[in-house]
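I opened this entry to record what I looked up in the model. The notes follow the order in which I went through it.

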Amino acid sequence: MVKLRNILSFGALAVLGCTNELPLSDLLNNTMTLKLLGTYESNDPYGWLNLPVDDVITTSGVASSDPAIGGGSDLVNYVLNASTGLSVRPNDLKFYIDIAEIRIARGQGKAPGQPIPEYWSQFAISRQLLCSDYATAEPGRILQNCADQNGSSKLHEFFNGGFTYPAVDIEHGNYNHLGIYFRRFVTAPAVGFLGNGTFINATAPERTMVATFDNRSVYGMDVASLLQNNYGEAAAEPRMFPLQRKDLKLFVEAGHEPYVLEVRVFVKNNMMVHILQPAGGNAAVTYVAPIDWNTNHAYRDLFNGERQGGSLLMTARTYQPAKSGAIQFSAPATAGEYFGVTEAATMLTTPNMVLPLAATRGTNTRITNLPPGNYNVYRLCDKTRCSNASTPGGCDQAAGQDGYPETVAFCGQYTVSSGTTTNVPLALCSSACP
Amino acid sequence: MRQSRFGPKVAVAFSLALCWVLPIAAQVETEEWRFRPQLGLWFGPVTPVPGTHLTRILETSLGGGLFFRMNIPSNNLRFETGASYSYYTSPTIARLHSIPVYGALSYILPIHLPLTFQAKGGFGSNFLRNYPEGSRNWLPLGYLGFEASFPAGKVVNIGLRIDYYFVYEQHLRPPPNNPNYRLYNGHFLNFGLMVNFNLNR
């Protein structure tokens, strides 16, 4: 009888389900939310700040330009005019960003010949178009795919807390490698000038440069191609395809507790007005691209003028909102500065070449969504810039400010617990950024 | 005389037995009824039913299976049991292994053509295991099927079959720590090129 009962109960279990595991619903429900942010800050970012300008452009003209671009030229006035210049109207910046996918992996890169799915987890393969507006350079045409995806509001979210990138769950465990595949990164305004800095089109200067986006022409310049290589480099693996890091510490818990995979790319307030005036040519272009905080932009170099790679940074982390804590500073820092944290095992140094694990703007005082653990806490300031007097390919002359927070002030190491707030006195964020 | 208290029950049972046996006897006399088991196998495309939630994740794939069929004392009904294996992939990393096991009654449609048409209905259980979560379970299933086949000699029959599986997961509980979690059932279609063998000619 006992045997019969066992057999019957096994049969019943087979029919009705042995466990409460949910093989179908688990495929359709997401435990992970993939958030893509275009900010240094992980919470409460700055609005748009005035644009820094490459230090070769000054009110007295463009340094070392040939033909000479003088102080009163259209180009200098277009950039630096105190009330109408591009530098003081960051809200007129436009972005047209095309992201193919985001991938995650364990390892130090795909081996030659290794199939892509064997190395990468292709968990976010939905192409995303982000655009400031839907207008094109083609009469009667709009950016239809971007409009269909509501790309304008997505771009707004990208710069203000992040947008949710469509993705499926990934296997639990540790990951260290994450890459974002940028197809296009078009910025506007980009303006073409004659070699001496005179407008090519004085009535509509911002309609002189055209780039391709969403199968259409838009006014602007695709700076993704400028970011693919570092100074002096012709890398086989472009730096924007993917924009990647292999030293991340991403831990995905097993189970159904919702978590966020936050991916940040420092775009907002990391933009600078640059100039290209290739030697031997008779044209100049001003455009907006990431700050040359890492290597001075060789704006007259035919080869290296278009090599600004490494200036766009990314990072990623995971956290479970229901099991997170916060860090609270006793007072705000100076406008333009940031507060940031790293895991206790990682120290930031000056010059600061990486994004902190989490950060907020200096005029906010709270870093949220921190998983329990020990953190190094920092105040990050902009005390230097990569001056045009630097050795080519380097950054050894660094007087001035550019908007990128290269300087680090260590505030101490603190423990964050789930559901609590850890206080940090601002006075302890010492010396380097007073 | 004391009447047996089993008397009426025995009478009912006897009547029922007669109802069962008499048609068999009739068949034996007219069609020489005897046990005719069949063993078959199939392979072909498998897919979540178009328009259902799983099509957001999983793609059409290939599957295959085995079935065993035997006649029962009826002109039009047979009993079938079968199992199959499908591995669903996706453009992302999501994967699903599925092994449905079912038992069904198969009704031979009274259409007098060289082709045999059968409509089937039954139930069973479906083992599922997904990736990346790795969750696995046996879930109850409902089964509907349709088959068209023709004999190719005395041993072999060749045909096409369509199977529909309703896989019931909504009787389970959602995880307590995920308030937005929704439960879903599964709907799958299998299309198979089949061949079966008459084991007893």
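Domains. I am working from a predicted model. I find chain A divided into domain 1, residues 21–322, and domain 2, residues 324–434. I looked up the distance between the C-alpha centres of domain 1 and domain 2 of chain A, and it is 23 Å. To the contact, domain 1 of chain A gives 39 residues and domain 2 of chain A gives 44.

Interface. I noted about 3,100 Å² buried between domain 1 and domain 2 of chain A, with 52% of it on carbon and sulfur atoms.

Cores. I find 96 residues in the largest nonpolar core. Those with the most contacts inside it are A:Leu36, A:Phe123, A:Leu178, A:Ile180, A:Phe185 and A:Leu261. I listed a second, separate core of 17 residues, including A:Phe329, A:Val341, A:Tyr375 and A:Leu426.

Helix α6. In α6 of chain A, residues 151–159, I marked A:Gly151, A:Lys154, A:Leu155, A:Phe158 and A:Phe159 as buried. Seen down the axis of α6(A), the buried residues fall within an arc of 135 degrees, so they line one face of the helix. I traced their packing to β1 (32–37), β4 (94–105), β6 (128–131), α5 (144–148) and β7 (163–165) of chain A. Just after α6(A), I noted a positive phi of about 105 degrees at A:Gly161.

Definitions and conventions
Residues numbered from 1 in each chain as written. Chains lettered and ligands numbered in written order. Predicted model: local features only at pLDDT ≥ 70, side-chain atom pairs only at ≥ 80, totals over all residues. Heavy atoms only, no water. Buried < 20%, exposed > 50% of the residue type's maximum accessible area, 1.4 Å probe, protein only. Helix = DSSP H or I, 4+ residues; strand = E, 2+ residues; numbered from the N terminus. Arc of directions from axis to C-beta. Contact = heavy atoms within 4.5 Å. Core = buried A, V, L, I, M, F, W, Y, C linked by side-chain atoms within 4.5 Å. Domains from an automatic or database assignment. Buried area = accessible area lost by both parts, 1.4 Å probe.
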